[in-house]
Amino acid sequence: EFQDTDRVQYQIFARCFAETGAPVYFVGDPKQAIYSFRGADVMAYVSAAQACPHRFSLDRNWRSDAALVAGINAIFAGSAPFFLEGIGYPPVQAARDTAEFVLENDDGRPLRLWFLDGEDDETPRTKGQAQRAVVAATANEIVRLLELGRQGKASVAGKMLDGGDIAVLVR
C-alpha cells in the first residue's frame, strides 16, 4: 500500500521495478498519503501517480452509509480539495443505504462540523486554549454517546454503542 510510503522507499521501488519495465502496481489512497505522522510523504505519492501510465480508482465506499458518503463528497468537491494539484477527490458511492450508527431522538445527520468560538466576543483563543477546549468538547461528546449507549439509545449495526466503537485519532 503506497499511502504510507516515503520518498526514499518510492525511489527504491522505482529503481527496482518501474525503471526495469517490469509490471509494478501501486495501491494507494491520496487522502491517506497526507498523514505524514505515519511516515507518508504526499509528494512521493504525487510523483508515483504522475509516473503511472494507468490509474484506476475504486468508486464504492464499503465502510460508510450513503448519507455520510454524500456529505463527504460535497465537502471535497472542487478542483483541488487538498490544496495540491495531483490529489483530487473523485466522488464515490456508498455500498449501503442504511445508517449503521443510530441515535434515538436524533435527526440522523451523519456529518457534523463543530466550530470553536473565541474566548469572548473580542478575544480569539490562544492555541493552548483552543486545544484544551477541543479536548474537553471531544471528551464530553464521548461521555454523552457512551451514556446513550448504556441507556439503549445509541447503537452501531444493531449493537448498543460502547467504548470499543469509539476511536479518537490524534498526533
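A residue is called buried here when its relative accessible area is under 20%, exposed when over 50%, and partly exposed in between (1.4 Å probe, protein chains only). The model is predicted, so local features need pLDDT of at least 70 and side-chain atom pairs count only at pLDDT 80 or more, while totals for chains, interfaces and linings use all residues. Residues are numbered from 1 along each chain as its sequence is written, and side-chain values use heavy atoms, with hydrogens and water left out.

Helices and strands are DSSP runs numbered from the N terminus, a helix being H or I over at least four residues and a strand being E over at least two. By that numbering, N73 lies in helix 4, which covers residues 66-76. N73 counts as buried because its relative accessibility is 14%. Contact means heavy atoms within 4.5 Å. Setting aside residues up to four places away in sequence, N73 touches Y89, P91 and V92.

Two of these partners, Y89 and V92, also belong to the largest nonpolar core. A nonpolar core is a set of buried Ala, Val, Leu, Ile, Met, Phe, Trp, Tyr and Cys residues joined through side-chain atoms within 4.5 Å. The largest one has 7 residues, namely V46, V69, F82, I87, Y89, V92 and A94. A second, separate core has 5 residues, among them L145, L148, A154 and L161.

Strand 1 spans residues 60-65 and contains S64. With a relative accessibility of 18%, S64 counts as buried. Beyond its neighbours within four places in sequence, S64 is in contact with V69, A94 and R96; V69 and A94 are members of the largest core. W62 is also found in strand 1. W62, however, counts as exposed, because its relative accessibility is 64%. Leaving aside neighbours within four places in sequence, W62 is in contact with A95 and R96. W62 and A95 are 33 residues apart in sequence, yet their C-alpha atoms are 5.1 Å apart in space.

Side chains of opposite charge can pair when their charged atoms come close. The rule for a salt bridge is a side-chain nitrogen of Lys or Arg within 4 Å of a carboxyl oxygen of Asp or Glu. A search of the whole structure finds 8 salt bridges. In one of them, R96 meets E100 with N and O 3.5 Å apart. R96 is partly exposed at a relative accessible area of 22%, and E100 is partly exposed at 28%. D106 forms another with R112, where the closest N and O atoms are 2.6 Å apart. Here too both partners are partly exposed, D106 at 30% relative accessibility and R112 at 35%. The side chains of D162 and K159 also meet in a salt bridge, at 3.5 Å from N to O. D162 counts as partly exposed at 37% relative accessibility, and K159 is partly exposed with a relative accessible area of 38%. Salt bridges that share partners join D106, D107, R109 and R112 into one network.

The next element is a sheet. Strands of a sheet pair through backbone hydrogen bonds, either parallel or antiparallel. Two strands are taken as paired if DSSP finds at least two bridges between them. An open sheet of 3 strands has the order 3-4-5, and its pairing is antiparallel. Strand 3 (101-103) and strand 5 (159-160) are the edge strands, each pairing on one side only. Strand 3 is joined by 3 bridges to strand 4, residues 154-156, and the two run antiparallel. Within this pair, F101 stands opposite V156 in strand 4. Helix 5 (residues 127-150) packs on the sheet and touches strand 3, strand 4 and strand 5. The direction of helix 5 makes about 85 degrees with that of strand 3; axes are lines fitted to C-alpha atoms, for helices over the stretch in contact, and angles run from 0 to 180 degrees between N-to-C directions.

Cysteines remain. A disulfide is a covalent bond between the sulfur atoms of two cysteines. It is counted here as a pair of cysteine sulfur atoms within 2.5 Å, and by this rule the count comes to 0 disulfides. The sulfur of C16 is 16 Å from the closest cysteine sulfur, that of C52, which is too far for a bond. C16 is partly exposed, with a relative accessible area of 46%, and C52 is partly exposed, with 26%.
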